[in-house]
Amino acid sequence: MERFDAIVVGGGPAGCASAYVMAKAGLNVLLFERGKFAGAKNMWGGAFFGPQLNELIPEFWKEAPVERFVTRHVLSFMAENGSTSLDFKSTRFCAAPYNGFILLRAKFDGWMAQKVEQAGAIVAAGMRVDDLLFQEGRVSGVKVGDEEFPSDIVILADGVNSLLAKKAGLRSDFLPEDMKQGVKEVIELPRETIEQRFNLVNDEGAAIEFVGTCTRGLPGGGFLYTNKNSLSLGLVIELGSLVKSKLKASDLLEEFKHHPDISRLIEGGRTVEYSAHLIPCSGLAMMPKLATGGALVTGDAAALLLGTGLILEGANFAIASGMAAAQTALEAKEKNDFSAGSLSRYEQLLKESFVLQDLNTFRGAPAFLKNRRIYELYPELAFEIFEAIFQSDGMPRKGTLQVVKEIIKRRTSMISIVSDLWKARKAI
Amino acid sequence: MNMIVCVKQVPDPEVPPAKFRIDAKTKQVMPPEGIPPVINPFDERALELALRLKDAYGGKITVLTMGSAKSESVVKRGISMGADDGFVLSDPSFQDSDSFGTAHILAAAIQKIGNYDLILCGRQASDWDEGVVGSIIAENLSLPFIALALAIEAADKALKVKRVTTDGYQVFSVPVPAMVTVCWDVGRPRLPSGSGVIMAARKKIPVWSAADIGVDAGQVGKGAARKEAAELSRREWARKCEIIQAETPDEAGTKLAEKLREVGAF
Ligand SMILES: Cc1cc2nc3c(=O)[nH]c(=O)nc-3n(C[C@H](O)[C@H](O)[C@H](O)COP(=O)(O)OP(=O)(O)OC[C@H]3O[C@@H](n4cnc5c(N)ncnc54)[C@H](O)[C@@H]3O)c2cc1C
Ligand SMILES: Cc1cc2nc3c(=O)[nH]c(=O)nc-3n(C[C@H](O)[C@H](O)[C@H](O)COP(=O)(O)OP(=O)(O)OC[C@H]3O[C@@H](n4cnc5c(N)ncnc54)[C@H](O)[C@@H]3O)c2cc1C
């Protein structure tokens, strides 16, 4: 059987990025993707930050299937009877190199896989890697059904449920508390309707995040992103608390769609897609070992994903880790040394990049974000304060500060707010 | 046995119909963006039958598709399953050919390949479902034709072709070369192997133009079509629920039967 320089398992952002770099550098690369085509079964919210991809494929937005450029970010605190939002727009975000991109995975992954093929790698879609091959205690290739494919190095980019990282002895099972469940619908609407409803022109796009009643107070949040001719609407909820509360994410999504803030935005739309997927969310605390002899683990499979509550950055972390893994493989090839020691260079590269630095900066975020008050109390508090400020009830007005104080006192205590703020300062 | 299998690239039939749009102007079905077209599932079965013959008797399988340069993917699919060779037929003049045009183009390429014992087609293409291209190829090449074959045995310069009828089977004996379309009941086509996919990925698939296969542009394409699509519409399914009120099951049954007769269900 032919021996490949590198085999990549998984055709998501991490796998495609690493295969692309290695193939461009002249390695003989084989990428396996179990979906009928890359992107076939993949999902995400869809707001993507571009610098890493721009480094990999300069000015990628000129050819990649970008739905819209994010020019408007909204953060909305959803309360029982209304909502309080922060609405940010930037004219600087509408010009190259842009900042955020709204993308749909079926198209985006397909495009990435095509770039990988053009770079000279073989993309074998519809093929699931079932097992790893071992030789002298180190990974020496992969097994697909009965077929064996030997290689110098295997890059594991098989996503959040990476069975292969477990087989390689790099990680143990993830716990429900370390996971978030994502559910999403793609809702089709005419382009003009979207632009009117979200106050957009041309390729401008909006990324809206929701915190509060949309998850019934469970840790997590909602999102709504504008595609060209559709909206991506979804929820992300911590799996452990979902299980404990016996709630189903799909039911909560249905409820979310009926919230008055949402129902008017999606009115008349047609749901064309429903999907669900897990997100690793405990950051460094759940990060597996990143390297062993003959194998590296990247992207979601390595839990390299940043969730600060305001933003979820997964795809750019996946791309950056895929690129670092490729770099490690190229250096190992140069030395012809694929031992665990040689491949430990990968972790060093990640430490030098934003990947492990950001995860370190925000290492307190996962624990902080489990605080239920963020989802149950504060959206209500904000709502009551602004309601009191804006409401005219025919009585003499109180000073704003007085209003705030009274509401806080009724709802909670100043001490717990100060303590939460203090924790927030350190965590995010 | 030298075989040529005609395969068509079609929009993925596994995509739910609700996701397709109809373009009223071009009278085309528009698949959702980002979902790549696939090999016609009926043609995958024709390939499977060809592969079984190759397994049994040896020989060579050539895969042929008429479409755009992007149709290469269905030829590669055939090669990854075990076919040996393949060609894409693509030319601006081929566009919007009807079944006669399509068959004319395929027949010209088949003649260029030459030296064949058997040509196989699917029973129909899953996008337009006309099921006639195979028979027109047979006519163009003056070949014996058998539709809906289930199995084929080779017997000394002849083929024994078993075909399905409503209540049973028929076996025909035909001399080679012959043209045969293959029925669905052949069973699940084999999946490509990993090494097959690697081989297919590396294979260069030649694209033949009208000039390459000696097709006169006047005989194909929209201009030569013998019919014109006038309308394309989706079958609308309406759902209605009505609860029948009754005191006893007997009464409910009677009322239900009356209601069904009233709406013309029987
Ligand atoms: C609801 C939700 C919203 C999100 N929103 C955002 C967002 O807005 N922005 C953002 O940047 N990130 C977001 N993310 C996170 C982002 O999607 C992931 O971090 C990113 O996709 C990780 O990339 P990856 O390549 O590591 O893994 P994946 O994208 O999961 O890719 C893994 C690939 O491997 C394949 N595979 C798995 N096992 C095998 C096997 N055995 N053999 C062959 N192939 C295999 C899979 O089919 C898949 O294609 C979101 C995630 C979810 C679930
Ligand atoms: C843009 C457009 C415009 C059209 N305009 C017209 C028109 O004006 N008039 C009209 O009559 N029809 C028109 N058609 C329909 C088109 O002509 C049909 O594709 C053609 O008649 C073949 O019929 P079928 O696809 O139903 O194939 P079938 O007859 O059902 O196919 C049977 C078998 O033939 C083989 N086969 C069929 N097509 C190919 C192929 N391209 N390559 C290799 N093998 C093949 C396969 O083995 C297949 O299983 C149009 C189609 C398009 C996309």
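Me: Before we look at anything, what counts as a polar contact here?

Reply: A polar contact is a pair of N or O atoms within 3.5 Å; within protein, one must be able to donate a hydrogen and the other to accept it, and residues adjacent in sequence count only if both atoms are side-chain atoms. Between chain B and chain A, seven residue pairs are in polar contact, both residues being at pLDDT 80 or more.

Me: And what ground rules apply to the model?

Reply: It's a predicted model, where local features need pLDDT of at least 70 and side-chain atom pairs count only at pLDDT 80 or more, while totals for chains, interfaces and linings use all residues. Residues are numbered from 1 along each chain as its sequence is written, chains are lettered from A and ligands numbered from 1 in the order in which they are written, and side-chain values use heavy atoms, with hydrogens and water left out.

Me: How do I read the size of an interface?

Reply: It's often given as the accessible area lost when the parts come together. Buried area here uses a 1.4 Å probe and is summed over both parts. For chain B and chain A that comes to about 1400 Å², with carbon and sulfur atoms giving 56%. K19(B), I198(B) and R202(B) supply 32% of the area that chain B buries against chain A, more than any other three residues.

Me: How many salt bridges cross between chain B and chain A?

Reply: A salt bridge needs a side-chain nitrogen of Lys or Arg within 4 Å of a carboxyl oxygen of Asp or Glu. The rule finds five across this interface. E188(A) and R21(B) form a salt bridge, with their closest N and O atoms 3.8 Å apart.

Me: Which atoms of A14(A) and N42(A) approach ligand 1?

Reply: For A14(A), a backbone N or O atom lies 2.9 Å from an oxygen atom of ligand 1. For N42(A), a side-chain N or O atom is 2.8 Å from an oxygen atom of ligand 1.

Conventions: Buried area = accessible area lost by both parts, 1.4 Å probe.
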